[in-house]
Amino acid sequence: MKKIFLICFVFLFSLFAKDENKIVVAGPFATVSHPIMHMIQTDALKDLGKKVEFILWKNPDELRALILKGDVDFIALPTNVAATLYNKEVDIKLLNVSVWGILGMISRDPNLKTLKDFKDKEIAVPFRADMPDIVFQELAKKSGLDPKKDFKIQYVASPVDAMQMLILRRVDHALLAEPAISIALRKTKSFPISVVAPDLYRSVDLQKEWGELFQTKAKIPQAGIAYLGDTKGKEKLINRFLAEYEKSLNWYKQNPKEAAALVVKTLPMLEELGLADSIEHVSFESIKAIEAKEDLEFFFNILEKSEAKSIGGKIPDSNLYYK
């Protein structure tokens, strides 16, 4: 009887034990995750005996569930989410920042050049209290506007919902992140949608607006890669992962058509031609988090003064950053 119990225990343990030959990366469908598809295709960590696997998370609740489950190694995520998790005592290290510019306004009116030009207008905004909304709110305040009173903001569940509202002429303006902007522009030019869809235009680049209003660089440390768990003894793996991610990021920038075709195999909710168009409109640069600390703290300081809960209540200390 004891022997049968032991066999069953070993079998169950083998089912739930972590596969040490597999590196699991969780990420959203956003651009920050896309270089990982190239890492998988090229078997980037093969010589370390590690296979890279990607898991999609669609919202913060799914991300929290993955963290609690404990079988994720790396996470692609917005920087404010990394700060929030750290402040909630999740064992996390921010490794890099790779996405510095992805947000913009899209409009039926080609004459709108600044956020002030959108005063009193109805705007579709996805992901309430998430990165796009956070940046919009801060820019509006810095422009001397009240986000709640000076705009008619219609929050929607996803960028897809915002795009559909634009295409169906239910709103004239939207705040979107790439590749949603480029995909929307592509969709409205394609038959049969083009028969009913309005003409749409790229409008305010929120990163440029940020630089001008806050008198700083025209870029925002928006998203990057983090590691979950104790990094001691994992330095070789982490440093190699970062190096391979940077290689794949550079390939992604330089090969937009091939990159788009590769990404949509894993993320079919994206439209291939629009995704390819989007790559030239995103500001990419893989910078180690510790080297981006000044930019991150400038960003977090603004968020803390305005909406501290968006970073978990306070500016995280330097232990957030992988050294």
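Which residue in S12 does Val-97 stand opposite? The sections below lead from the chain as a whole to this pair.

## Overall architecture

This predicted model holds a protein chain whose secondary structure amounts to 13 helices and 12 strands. The C-alpha trace of the chain extends over about 75 × 45 × 40 Å along its principal axes.

Among contacts in the chain with a separation of 6 or more, 76% join residues 24 or more positions apart.

## Surface and charge

Buried residues make up 49% of the 323 in the protein chain. The accessible surface comes to about 16,200 Å², and carbon and sulfur atoms contribute 53% of that area.

The protein chain carries 46 positive and 44 negative side chains. The centres of these two sets lie 2 Å apart.

S5 pairs with strand S12, formed by residues 283-288. The two strands run in the antiparallel sense and are joined over 4 bridges. The opening question is settled here: the residue of S12 that stands opposite Val-97 is Ile-287.

Technical notes:
Residues numbered from 1 in each chain as written. Predicted model: local features only at pLDDT ≥ 70, side-chain atom pairs only at ≥ 80, totals over all residues. Heavy atoms only, no water. Buried < 20%, exposed > 50% of the residue type's maximum accessible area, 1.4 Å probe, protein only. Contact = heavy atoms within 4.5 Å. Areas by Shrake-Rupley, 256 points an atom, 1.4 Å probe, with all protein chains shown as cover. Lys, Arg positive; Asp, Glu negative; His and termini not counted. Charge placed at Lys NZ, Arg CZ, Asp CG, Glu CD. Pairing = 2+ DSSP bridges.
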